[in-house]
Amino acid sequence: MKDAGNEYAWARELCLQSASTCPSALVEELMGAPECPAFGPAHHVLAGAALLTCVSNARGDGDLAAKLDELIARSSNVPGGTCARWGACGAALSCGMALAIELDNAPLKQDGWSDAQMMVAELLHAIARAGAPRCCKRDTRIAVGEATGWFSRALGVRLESLAEEDIVCRVSDQNSVCLGGACPYFG
């Protein structure tokens, strides 16, 4: 069994070094790292990690390392192919995990519980509207872009965002089922 902490140490380190308050920009940096595969469960970590990092930077929090460790532990349990096999994108679930961590949610804690559920439902709806499987980068971009407003409102922080047209995919040639011009991030 792989040690998720070691497997995603590169992403954790990039987050801890970041001063960004723009989750979309940070997730682009993470997905562009040479250690990041074109597809797969790494994206289940990166979406929530970008959000946690930017919230921490916006607040000036000092507990980012512990939050990233918790997110990695949780999101590492979401296997590749979850979108098809479980019917829920792992990147959207990662965003839900990150909001749950920020809200200190617990199974019997009423405050905040529905916020994460509602957000994930909206993220899944936006991802499903994209209309095609097998693009972890597209779905991660959608999840993080949609989640940014939720995090800003739920946590009272000001997070920046990128315009969709400012995000350009650099790995479309690695995806044999890329939507090409039908994808908003195709460049």
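**Entry 1**

The model is predicted, with local features needing pLDDT of at least 70 and side-chain atom pairs counting only at pLDDT 80 or more, while totals for chains, interfaces and linings use all residues. Residues are numbered from 1 along each chain as its sequence is written, and side-chain values use heavy atoms, with hydrogens and water left out.

I noted the extents as residues 9–17 for helix α2 and residues 23–32 for helix α3; helices are DSSP runs (H or I, at least four residues) numbered from the N terminus. The two pack at about 145 degrees with axes 10 Å apart (axes are lines fitted to C-alpha atoms over the stretch in contact, and angles run from 0 to 180 degrees between N-to-C directions).

From α2, the contact (heavy atoms within 4.5 Å) takes Trp10, Ala11, Leu14 and Cys15, and from α3 it takes Leu26, Glu29 and Leu30. I recorded six nonpolar residues, no polar and one charged there (Ala, Val, Leu, Ile, Met, Phe, Trp, Tyr, Cys and Pro count as nonpolar, Asp, Glu, Lys and Arg as charged, and the others, Gly among them, as polar).

**Entry 1: α3 and α9**

I then turned to helix α9 (residues 136–155), which packs with α3 at about 155 degrees, the axes lying 9 Å apart. That angle makes α3 roughly antiparallel to α9 (the term applies over 145 degrees). The crossing of α3 and α9 is right-handed. On the α3 side I listed Pro23, Ser24, Val27, Glu28 and Met31, which meet Lys137, Thr140, Arg141, Val144, Gly145 and Thr148 of α9. This contact divides into four nonpolar, four polar and three charged residues.

**Entry 2: α8 and α9**

For helix α8 (residues 113–129), I found an axis that comes within 9 Å of that of α9, at a crossing of roughly 145 degrees. This crossing is right-handed. Among the contact residues I noted Met118 and Leu123 of α8, and Trp150 and Phe151 of α9. By class, the contact has 10 nonpolar, no polar and four charged residues.

The largest cavity holds about 130 Å³, a volume being the space filled by probe spheres set on the points. Of its 18 lining residues, Cys135, Cys169, Ser172, Asn175 and Cys178 are the closest to its centre; lining residues have an atom within 4 Å of a point. I recorded the lining as 12 nonpolar, three polar and three charged residues.

Definitions and conventions. On a 1 Å grid over the protein atoms alone, a cavity is a set of points where a 1.4 Å probe fits but cannot get out, and a pocket is an open set with protein on both sides within 12 Å along at least five of seven lines; lining residues have an atom within 4 Å of a point. Angles under 35 degrees count as roughly parallel, over 145 as roughly antiparallel, 65 to 115 as roughly perpendicular and the rest as oblique. A crossing is left-handed if the near helix is turned anticlockwise from the far one by less than a right angle, and right-handed if clockwise.
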